[in-house]
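Thanks for making time this morning.

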Amino acid sequence: YNPASKTAQQLIIDGVVEIVENYDVDGIHFDDYFYPTTDTAFDKAYYNAYLNAGGTLSLSDWRRENVNALVRGVYAAVKQANPNVLFGISPQARVDVNYNTQYADVQKWLSEPGYVDYICPQIYFGFENQAAPFSGTLAEWNRMAEGSGAALYVGLAAYKCGTVDNYAGSGKNEWLNSTDMMARMVAESREQSSYGGFVLYRYDSLFRPEAAVSGIIAEERENLKAILD
(Lines give C-alpha, C1' and ligand atoms only; values in the text may rest on other atoms or scores of the structure.)
Protein backbone atom coordinates (compact mmCIF):
# COMPACT_ATOMS: atom_id res chain seq x y z
CA TYR A 1 0.00 0.00 0.00
CA ASN A 2 1.16 3.51 -0.83
CA PRO A 3 1.20 5.66 2.33
CA ALA A 4 0.34 8.68 0.18
CA SER A 5 -2.99 7.16 -0.81
CA LYS A 6 -5.90 8.26 1.37
CA THR A 7 -7.77 5.21 0.11
CA ALA A 8 -4.99 2.93 1.32
CA GLN A 9 -4.86 4.72 4.67
CA GLN A 10 -8.61 4.30 5.13
CA LEU A 11 -8.44 0.64 4.15
CA ILE A 12 -5.90 0.03 6.91
CA ILE A 13 -7.89 2.02 9.45
CA ASP A 14 -11.09 0.16 8.56
CA GLY A 15 -9.30 -3.17 8.96
CA VAL A 16 -8.08 -2.19 12.41
CA VAL A 17 -11.55 -1.06 13.47
CA GLU A 18 -13.04 -4.36 12.27
CA ILE A 19 -10.60 -6.25 14.51
CA VAL A 20 -11.16 -4.07 17.58
CA GLU A 21 -14.96 -4.13 17.27
CA ASN A 22 -15.33 -7.84 16.59
CA TYR A 23 -12.55 -9.53 18.57
CA ASP A 24 -11.47 -9.41 22.20
CA VAL A 25 -7.99 -8.05 21.60
CA ASP A 26 -5.77 -6.19 24.05
CA GLY A 27 -4.06 -4.13 21.42
CA ILE A 28 -3.16 -3.39 17.81
CA HIS A 29 0.52 -3.76 16.97
CA PHE A 30 2.26 -2.45 13.85
CA ASP A 31 5.64 -3.72 12.71
CA ASP A 32 8.24 -1.57 10.93
CA TYR A 33 6.61 -1.36 7.50
CA PHE A 34 5.93 2.15 6.21
CA TYR A 35 7.60 3.42 3.03
CA PRO A 36 9.11 0.46 1.15
CA THR A 37 11.64 2.54 -0.80
CA THR A 38 13.33 5.92 -1.04
CA ASP A 39 12.92 5.91 -4.84
CA THR A 40 11.34 9.21 -5.89
CA ALA A 41 9.39 7.43 -8.62
CA PHE A 42 7.40 5.39 -6.10
CA ASP A 43 4.84 8.09 -5.35
CA LYS A 44 5.74 10.73 -7.94
CA ALA A 45 2.17 11.16 -9.19
CA TYR A 46 0.83 11.71 -5.67
CA TYR A 47 3.60 14.15 -4.80
CA ASN A 48 3.15 16.14 -8.01
CA ALA A 49 -0.56 16.39 -7.30
CA TYR A 50 0.26 17.66 -3.82
CA LEU A 51 2.62 20.32 -5.21
CA ASN A 52 0.13 21.36 -7.89
CA ALA A 53 -2.46 21.88 -5.15
CA GLY A 54 -0.13 24.33 -3.41
CA GLY A 55 1.80 21.99 -1.14
CA THR A 56 5.19 23.23 0.04
CA LEU A 57 6.71 20.32 1.97
CA SER A 58 9.82 18.59 0.64
CA LEU A 59 9.33 15.04 -0.62
CA SER A 60 10.84 13.59 2.57
CA ASP A 61 8.76 15.76 4.92
CA TRP A 62 5.63 15.06 2.88
CA ARG A 63 6.25 11.32 3.11
CA ARG A 64 6.75 11.56 6.85
CA GLU A 65 3.49 13.46 7.20
CA ASN A 66 1.70 10.74 5.21
CA VAL A 67 2.93 8.17 7.70
CA ASN A 68 2.06 10.45 10.61
CA ALA A 69 -1.47 10.85 9.26
CA LEU A 70 -1.88 7.08 9.09
CA VAL A 71 -0.58 6.56 12.63
CA ARG A 72 -2.82 9.33 14.01
CA GLY A 73 -5.78 7.91 12.14
CA VAL A 74 -5.26 4.41 13.47
CA TYR A 75 -4.77 5.64 17.02
CA ALA A 76 -7.94 7.72 16.93
CA ALA A 77 -9.95 4.89 15.37
CA VAL A 78 -8.75 2.38 17.97
CA LYS A 79 -9.68 4.67 20.86
CA GLN A 80 -13.08 5.45 19.38
CA ALA A 81 -13.85 1.76 18.91
CA ASN A 82 -12.56 0.76 22.36
CA PRO A 83 -10.61 3.16 24.61
CA ASN A 84 -9.14 0.23 26.52
CA VAL A 85 -7.37 -1.25 23.50
CA LEU A 86 -3.73 -0.19 23.12
CA PHE A 87 -1.99 0.84 19.93
CA GLY A 88 1.75 0.57 19.50
CA ILE A 89 4.46 0.27 16.90
CA SER A 90 7.67 -1.75 16.62
CA PRO A 91 10.03 0.38 14.52
CA GLN A 92 13.61 -0.38 13.61
CA ALA A 93 16.11 0.50 16.32
CA ARG A 94 18.07 3.07 14.32
CA VAL A 95 16.22 6.37 14.65
CA ASP A 96 17.99 7.82 11.60
CA VAL A 97 16.98 4.85 9.45
CA ASN A 98 13.35 5.20 10.50
CA TYR A 99 13.38 8.92 9.72
CA ASN A 100 15.32 8.92 6.44
CA THR A 101 14.52 5.54 4.90
CA GLN A 102 11.03 4.57 6.03
CA TYR A 103 9.90 8.13 6.78
CA ALA A 104 8.75 7.13 10.26
CA ASP A 105 9.16 10.08 12.64
CA VAL A 106 9.38 8.11 15.87
CA GLN A 107 10.49 11.16 17.85
CA LYS A 108 7.29 12.97 16.89
CA TRP A 109 5.18 9.99 17.90
CA LEU A 110 6.77 10.07 21.34
CA SER A 111 6.71 13.84 21.79
CA GLU A 112 3.06 14.48 20.94
CA PRO A 113 -0.16 12.83 22.15
CA GLY A 114 -2.42 10.92 19.79
CA TYR A 115 0.10 8.59 18.19
CA VAL A 116 1.01 5.54 20.31
CA ASP A 117 0.42 3.99 23.71
CA TYR A 118 3.75 2.18 23.57
CA ILE A 119 6.83 1.92 21.40
CA CYS A 120 8.72 -1.34 20.86
CA PRO A 121 12.01 -0.66 19.06
CA GLN A 122 13.69 -3.69 17.54
CA ILE A 123 17.01 -3.39 19.38
CA TYR A 124 18.47 -6.39 17.63
CA PHE A 125 22.08 -5.45 18.36
CA GLY A 126 24.62 -6.96 20.70
CA PHE A 127 26.56 -5.10 23.35
CA GLU A 128 29.63 -5.18 21.12
CA ASN A 129 27.95 -4.11 17.88
CA GLN A 130 30.25 -1.50 16.36
CA ALA A 131 27.62 0.62 14.64
CA ALA A 132 24.81 0.54 17.20
CA PRO A 133 25.69 -1.13 20.53
CA PHE A 134 22.74 -2.31 22.56
CA SER A 135 23.33 -0.12 25.61
CA GLY A 136 23.63 3.17 23.73
CA THR A 137 20.66 2.38 21.52
CA LEU A 138 18.52 1.42 24.50
CA ALA A 139 19.44 4.65 26.31
CA GLU A 140 18.48 6.70 23.24
CA TRP A 141 15.03 5.15 23.09
CA ASN A 142 14.55 5.56 26.81
CA ARG A 143 15.31 9.28 26.53
CA MET A 144 12.75 9.68 23.77
CA ALA A 145 10.07 7.75 25.65
CA GLU A 146 10.73 9.42 29.01
CA GLY A 147 7.86 11.70 29.96
CA SER A 148 5.90 10.85 26.82
CA GLY A 149 3.32 8.69 28.55
CA ALA A 150 4.19 5.86 26.16
CA ALA A 151 5.68 2.69 27.58
CA LEU A 152 8.98 1.37 26.23
CA TYR A 153 8.85 -2.31 25.34
CA VAL A 154 12.31 -3.50 24.33
CA GLY A 155 12.45 -5.80 21.32
CA LEU A 156 15.22 -8.41 21.68
CA ALA A 157 16.77 -10.61 18.98
CA ALA A 158 16.39 -14.11 20.32
CA TYR A 159 16.89 -15.33 16.76
CA LYS A 160 20.54 -14.22 16.85
CA CYS A 161 21.49 -16.40 19.82
CA GLY A 162 24.10 -18.93 18.79
CA THR A 163 24.78 -17.27 15.45
CA VAL A 164 27.37 -15.01 13.83
CA ASP A 165 26.15 -11.46 13.29
CA ASN A 166 27.96 -10.39 10.15
CA TYR A 167 26.65 -6.82 10.45
CA ALA A 168 28.14 -6.23 13.91
CA GLY A 169 31.75 -5.59 12.86
CA SER A 170 34.25 -6.77 15.45
CA GLY A 171 31.36 -7.90 17.67
CA LYS A 172 30.07 -10.43 15.16
CA ASN A 173 30.86 -13.47 17.35
CA GLU A 174 29.28 -12.12 20.53
CA TRP A 175 26.01 -14.00 20.04
CA LEU A 176 27.97 -17.17 19.36
CA ASN A 177 30.27 -16.94 22.37
CA SER A 178 27.75 -15.81 25.00
CA THR A 179 24.86 -17.70 26.53
CA ASP A 180 23.33 -14.91 28.62
CA MET A 181 22.56 -12.26 26.02
CA MET A 182 18.82 -12.19 26.69
CA ALA A 183 19.24 -12.16 30.46
CA ARG A 184 21.76 -9.29 30.38
CA MET A 185 19.59 -7.29 27.99
CA VAL A 186 16.46 -7.72 30.08
CA ALA A 187 18.38 -6.76 33.22
CA GLU A 188 19.69 -3.57 31.61
CA SER A 189 16.30 -2.75 30.10
CA ARG A 190 14.68 -2.97 33.54
CA GLU A 191 16.92 -0.14 34.70
CA GLN A 192 15.42 2.30 32.19
CA SER A 193 12.93 4.84 33.50
CA SER A 194 10.43 4.24 30.67
CA TYR A 195 10.67 0.44 30.72
CA GLY A 196 7.38 -1.36 30.34
CA GLY A 197 8.53 -4.84 29.37
CA PHE A 198 10.39 -6.79 26.72
CA VAL A 199 9.46 -8.69 23.57
CA LEU A 200 11.39 -11.64 22.13
CA TYR A 201 11.67 -12.25 18.42
CA ARG A 202 10.93 -14.98 17.95
CA TYR A 203 9.27 -17.84 19.87
CA ASP A 204 10.71 -20.63 17.72
CA SER A 205 14.25 -19.33 18.23
CA LEU A 206 14.07 -20.13 21.95
CA PHE A 207 11.62 -23.02 22.10
CA ARG A 208 12.05 -24.78 18.75
CA PRO A 209 15.71 -24.09 17.94
CA GLU A 210 17.63 -25.77 15.18
CA ALA A 211 19.75 -28.70 16.33
CA ALA A 212 23.02 -26.87 15.65
CA VAL A 213 22.27 -24.20 18.27
CA SER A 214 20.06 -26.15 20.66
CA GLY A 215 22.75 -26.39 23.35
CA ILE A 216 23.46 -22.66 23.39
CA ILE A 217 19.74 -21.87 23.30
CA ALA A 218 19.06 -24.15 26.25
CA GLU A 219 21.60 -22.20 28.30
CA GLU A 220 20.11 -18.89 27.10
CA ARG A 221 16.66 -20.04 28.24
CA GLU A 222 17.91 -21.05 31.67
CA ASN A 223 19.83 -17.81 32.17
CA LEU A 224 16.80 -15.78 31.15
CA LYS A 225 14.50 -17.84 33.33
CA ALA A 226 16.75 -17.22 36.32
CA ILE A 227 16.11 -13.48 36.27
CA LEU A 228 12.38 -13.88 35.58
CA ASP A 229 11.61 -16.30 38.43
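This is a predicted model: local features need pLDDT of at least 70, side-chain atom pairs count only at pLDDT 80 or more; totals for chains, interfaces and linings use all residues.

Helices α6 and α8 are roughly parallel to each other, since the class takes in angles under 35 degrees, with over 145 counted as roughly antiparallel, 65 to 115 as roughly perpendicular and the rest as oblique. The axes of α6 (residues 134-145) and α8 (residues 181-190) come within 11 Å and cross at roughly 30°, where an axis is a line fitted to C-alpha atoms over the stretch in contact, and the angle runs from 0 to 180 degrees between N-to-C directions. Helices here are DSSP runs of H or I with at least four residues, strands are runs of E with at least two, and both are numbered from the N terminus.

Residues are numbered from 1 along each chain as its sequence is written, and side-chain values use heavy atoms, with hydrogens and water left out.

In the α6 and α8 pair, Phe134, Ser135 and Leu138 of α6 meet Met185, Glu188 and Ser189 of α8, contact being heavy atoms within 4.5 Å.

Helix α8 also packs on α10 (residues 214-228), and these axes come within 7 Å and cross at roughly 30°, which makes α8 roughly parallel to α10 as well. On the α8 side the contact involves Met181, Met182, Ala183, Val186, Ala187 and Arg190, which meet Glu220, Asn223, Leu224, Ile227 and Leu228 of α10.

Met182 brings us to the largest nonpolar core, which has 58 residues, and Met182 is among those with the most contacts inside it, as are Val71 and Trp109. Such a core is a set of buried Ala, Val, Leu, Ile, Met, Phe, Trp, Tyr and Cys residues joined through side-chain atoms within 4.5 Å, and buried means under 20% relative accessible area, exposed over 50% and partly exposed in between, with a 1.4 Å probe and protein chains only. Setting aside neighbours within four places in sequence, Trp109 is in contact with residues including Phe34, Val71, Ile89 and Val116.

Now to the backbone: most residues other than glycine have a negative phi, and most peptide bonds are trans. Tyr103, in the loop between α4 (95-100) and α5 (106-111), has a positive phi near 60°, and this residue is buried at 5% relative accessible area. A cis peptide bond, with omega about 10°, joins Tyr201 and Arg202.
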